[in-house]
Amino acid sequence: MDSKKTALVTGGAKGIGEAICVQLAKDGYNIALNYNSSKKEALSLKEQLSAYTDIEIFKADVSDSKQVNTMFDEIEKLFGGVDILVNNAGIAQQVLFTDITDEMWQKMIGVNLTGAFNCCRRALPYMINQKYGSIVNIASMWGEVGASMEVHYSASKAGLI
């Protein structure tokens, strides 16, 4: 077990998540990089950041609490726990309100809102026990003002806010 603090970044393989992982690695954190479908990018980033810090990648759909629990179990075995949680995993979709299916709605809410809930619920006991921890939820301005053709995305980000 490492004495350095550990950061879990969900959706950490690309975009905003990638930038967060890079900065946290340079700042000396162990990195637990979560991805769901971007394995190639996750492996590439792991190779890049391993020069700075200890980094491991974890495939998990954050909307599935069983996968989240398994991911946290693995992180705890490697690093001892999650000190910094960045809920960055998210999906977006542009579709007319009248064309949103039940499945589209559930997937959007599942990844963007339930995923953050699942990760927070799992991270908090360790943080409370350590009397230390930080949780950052990445939302969107569209959660405050809404977006054309992104009703379910805006609703999920508003819930996160």
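A polar contact, as the term is used in these legends, is a pair of N or O atoms within 3.5 Å; within protein, one atom must be able to donate a hydrogen and the other to accept it, and residues adjacent in sequence count only if both atoms are side-chain atoms. The model is predicted, so local features need pLDDT of at least 70 and side-chain atom pairs count only at pLDDT 80 or more, whereas totals for chains, interfaces and linings use all residues. Residues are numbered from 1 along each chain as its sequence is written, and side-chain values use heavy atoms, with hydrogens and water left out.

View 1. H152 is found in helix α6, which covers residues 151-160; helices (H or I, at least four residues) and strands (E, at least two) are DSSP runs numbered from the N terminus. With a relative accessibility of 0%, H152 counts as buried, a class that means under 20% relative accessible area, while exposed means over 50% and partly exposed lies in between (1.4 Å probe, protein chains only). The side chains of H152 and Q93 are joined by a polar contact of 2.8 Å. Leaving aside residues up to four places away in sequence, H152 touches Q93, V95, I100, M104, W105, M108 and I109, where contact means heavy atoms within 4.5 Å.

**View 2. Strand residue V86 and its contacts.** V86 is found in strand β4, residues 84-87, and counts as buried at 4% relative accessibility. Its C-alpha is 7.4 Å in space from that of I138, although V86 and I138 are 52 residues apart in sequence. Among the residues that V86 touches, not counting those up to four places away in sequence, are L8, V9, T10, I20, V136 and I138.

View 3. A search of the whole structure finds one cavity of 30 Å³ or more, a cavity being a set of points on a 1 Å grid over the protein atoms alone where a 1.4 Å probe fits but cannot get out, with lining residues having an atom within 4 Å of a point. The largest cavity has a volume of about 60 Å³. Of the 13 residues that line the largest cavity, N87, A89, V111, G115 and A116 are the closest to its centre. Helices α4 (102-130) and α6 each supply at least two residues of this lining, and α4 gives the most, with five residues.

**View 4. The salt bridge between K46 and E56.** The side chains of K46 and E56 meet in a salt bridge of 3.2 Å, N to O, the term meaning a side-chain nitrogen of Lys or Arg within 4 Å of a carboxyl oxygen of Asp or Glu. The pair links distant parts of the chain, with K46 in helix α2 (residues 39-49) and E56 in strand β3 (residues 55-59), 10 residues apart. K46 is partly exposed, with a relative accessible area of 26%, and E56 counts as partly exposed at 29% relative accessibility.

**View 5. The salt-bridge network of D73, E76 and R122.** D73, E76 and R122 are linked in a network of salt bridges. In the salt bridge of D73 with R122, the closest N and O atoms are 2.6 Å apart; D73 lies in helix α3 (residues 65-79) and R122 in helix α4, so the pair ties together parts that are 49 residues apart in sequence. E76 also forms a salt bridge with R122, with the closest N and O atoms 3.1 Å apart. R122 counts as buried at 19% relative accessibility, whereas D73 is partly exposed, with a relative accessible area of 36%.

Key: 1 Å grid on protein atoms, 1.4 Å probe; cavity = no way out; pocket = protein on both sides within 12 Å on 5 of 7 lines; lining within 4 Å. Points joined across faces, edges and corners; volume = space filled by probe spheres on them.
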